[in-house]
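Please read the following points with the model open beside you, and take them one at a time.

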Amino acid sequence: MEEVCLNSEPVFDDGDDYEVEGDSSGVGCDDETGENCSKKKRSEPTVGLEFDSFDEAYDFYNVYGKEQGFGIRVSNSWFRSKRKERYRAKLSCSSAGFKKKSEANNPRPETRTGCPAMVVIRLVDSKRWRIVDVELEHNHPVNPQIKRFYKSHKRMVLAAKKAQPPPEPVTEVHTIRLHRRALMNTGCNVYLNVDEMGHVDHVDHFKHLELKEGDALAVYNYLCRMKLTNPNFFYLMDLDDEGRLRNVFWADARSRVAYGFFCDTVTIDTTCLANRYEMPLISFVGVNHHGQSVLLGCGFLGQESKEYFVWIFRAWLKCMQGHFPEVIITDQNKPLQSAVSEVFPNARHCYNVCCITQRVPERLGGLQGYEAIKRQLNKAVYNSLKIAEFETSWADMIKCHGLGDNKWLQTLYEERQAWVPVYLKDIFFVGMIPIQEHESLNAFFDGYVHKHTSFKEFVDKYDLALHRKHMKEAMADLESTNSSYELKTRCNFEVQLSKVYTKEIFRKFQSEVEGMYSCFNTKQVRVNGQIATYIVKERVEVAGSEKEVRHFEVLYDTSQADIRCICSLFNYKGYLCRHAMNVLNYNGVEEVPSRYILPRWGKDYKRRGLLDLNPGDIDVNSPIYWHNLLYRFAIPVVEVGAQSSDHYKIALQELEELLKKFNLAEDNLV
């Protein structure tokens with residue numbers, strides 16, 4: 001398995017490898033055995049290390065690169081304009097940056113990965129060269145055992161051979177086989193050129209992505225383009241031993257920042273895999289402070305196996321700097337379940353009830369009495385307030401329709417604790433599972449992907465989908481910040497939360513406030529110390545215009561201001577239900593307790609998030625951390641700047657001044 005990771009700032013240059021000037025025989029090593037190199041290992045490049053000449057500094061890094069398994073080149077040089085004297089240079093891994101786009105009919109394939117590994121050297125005291133900056137980490141595999149020739153190493157060996165006596169006559173010929181390995185599937189026109197000694201012993205028989213003509217180039221070009229325009233863009237590619245693409249994962253800067261805010265509950269959407277779409281898309285989706293779905297990364301999966309799921313989960317986790325979600329929602333799938341257990345052992349894993357109920361027509365549609373079976377199944381799943389109610393309803397359905405031998409229903413029942421809402425009342429879902437029969441949740445790419453969407457077509461639509469989603473969130477931010485909400489009751493709870501919640505979350509909460517008036521006869525039935533038990537009656541619709549009275553049990557701890565309703569709306573949706581508010585009102589409480597006002601639904605949640613930053617084990621010197629922190633600080637500037645024409649002009653002027661300062665700082669470095 002070969003991975004190609006691009007997660008660094010690209011470096012551009014027109015030149016090739018640095019051309020060694022003069023005799024470099026002192027740094028040569030045996031390319032066949034590597035004995036000279038292994039006997040005298042060079043130290044790692046460190047800031048402050050000095051050399052007598054530029055060539056000596058280059059040779060030092062070149063030998064270090066050969067020991068580690070990578071080539072080098074001069075990616076940038078600075079010269080004094082009058083004397084054309086070099087005084088600063090950046091020596092990079094040969095995989096740094098990306099080649100400029102060629103206008104040729106058959107351009108050479110992109111083999112660089114945007115690798116960040118480099119050293120920056122500077123002339124000091126007009127005679128010595130000093131290392132002033134170092135990055136040792138690569139974003140691609142490096143292995144000194146792989147017999148691959150880099151241009152910088154070839155020149156090093158040639159220079160060494162000049163100083164050696166003439167060799168003995170050759171008595172044995174070694175053949176170097178050049179394997180031109182396809183980057184992706186047959187029919188594509190993108191290649192990864194790798195020079196290797198001998199044959200490839202291991203052949204990977206795992207399935208790879210099935211790409212049509214033009215798909216491979218479209219996907220690869222999209223990822224490279226995004227990396228060039230978005231330095232915090234992340235992608236990872238999984239190749240088999242023949243260079244064919246098995247899996248791909250990517251996430252843009254917005255997704256990575258969004259995860260910092262909305263990492264509590266994540267849905268892993270595998271609809272395209274389950275429905276055998278032409279494009280095997282897998283998406284990681286969360287919910288923002290408006291209750292809108294937000295993309296947290298996506299990818300293409302070669303096949304539905306545990307190994308492939310594990311790979312893409314680990315890629316996503318690496319992208320998100322190892323931060324685990326608290327709750328994961330997936331389809332009911334054995335390989336998926338095993339992979340989640342392995343990669344996210346501490347997360348609560350649940351099945352998406354929507355995915356299960358959508359299969360009811362397919363699985364049960366041919367049975368006699370299907371409509372009655374469907375009604376009883378939905379009643380058991382959505383109307384059960386207690387586990388005993390579900391068990392009774394399910395048993396009645398099985399017995400009434402003679403379904404005891406139905407394997408699918410048997411499996412559902414065995415795994416009921418992972419998908420039936422009544423078993424999941426202690427889990428916080430932020431509205432990501434339906435709790436009513438006719439409640440539906442749309443997939444993030446709904447309307448952009450169909451069964452025959454090709455890879456090429458998807459990458460063309462991907463930017464459009466994200467742009468529209470971002471615009472929708474921006475408009476919701478503006479409406480929540482600048483507009484006042486229409487109040488429909490005289491309830492203090494409604495007034496209180498109108499000042500806190502975003503517009504869409506307030507609209508949903510407001511529905512619960514209005515629903516208080518359909519509740520009646522709130523009565524205390526038990527007291528156990530500080531905890532009182534109440535029964536709240538409500539008229540609810542059951543079929544068409546028919547209504548029935550249901551009894552909801554509410555526990556209220558007066559000492560802790562802790563209130564819990566048997567409907568568990570707070571855990572399912574994140575705001576208090578009408579039954580709980582009836583009990584608070586019954587006890588003379590005029591405001592919703594603060595513990596039931598989640599900050600994640602607040603108008604200023606992203607700004608308040610700044611106060612909660614805790615780096616912990618995060619590398620605060622990482623460009624990813626810098627990007628995320630700056631992004632969070634920039635959000636209030638954008639929000640306030642868009643409130644009026646005067647604010648807009650001030651914000652724009654200050655931002656332009658800031659960019660000028662950045663440019664001035666860059667000039668001073670030179």
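This is a predicted model: local features need pLDDT of at least 70, side-chain atom pairs count only at pLDDT 80 or more; totals for chains, interfaces and linings use all residues.

1. Residues are numbered from 1 along each chain as its sequence is written, and side-chain values use heavy atoms, with hydrogens and water left out.

2. Which side chain meets that of Lys503 in a salt bridge? The partner is Glu479, at 3.9 Å from N to O, where a salt bridge requires a side-chain nitrogen of Lys or Arg within 4 Å of a carboxyl oxygen of Asp or Glu. Because Glu479 lies in helix 14 (residues 455-482) and Lys503 in helix 16 (residues 503-515), the pair ties together parts that are 24 residues apart in sequence; helices here are DSSP runs of H or I with at least four residues, strands are runs of E with at least two, and both are numbered from the N terminus. Glu479, at 37% relative accessibility, is partly exposed.

3. Helix 16 also holds both Glu504 and Arg507, 3 residues apart, about one turn of the helix, and their side chains meet in a salt bridge of 2.4 Å, N to O. By the same rule, the count comes to 29 salt bridges, and Glu50, Asp52, Arg128 and Arg130 are linked in a network of them.

4. Turning to strand 14 (residues 327-330), I would ask which way its side chains point. Val327 and Ile329 point one way, Ile328 and Thr330 point the other way, and all are buried. In a regular strand the side chains alternate between the two faces of the sheet.

5. Strand 14 has parallel partners to inspect: 3 bridges join it to strand 11 (residues 265-269), and 4 bridges pair it with strand 15 (residues 348-351), where pairing needs at least two DSSP bridges between the strands. Ile328 is the bridge partner of Val266, and Arg348 is that of Val327.

6. Finally, strand 14, helix 8 (residues 334-343) and strand 15 make a right-handed β-α-β unit, which means that, with the strands pointing away from the viewer, the path from the first strand over the helix to the second runs clockwise.

Definitions and conventions:
Buried means under 20% relative accessible area, exposed over 50%, partly exposed in between (1.4 Å probe, protein chains only).
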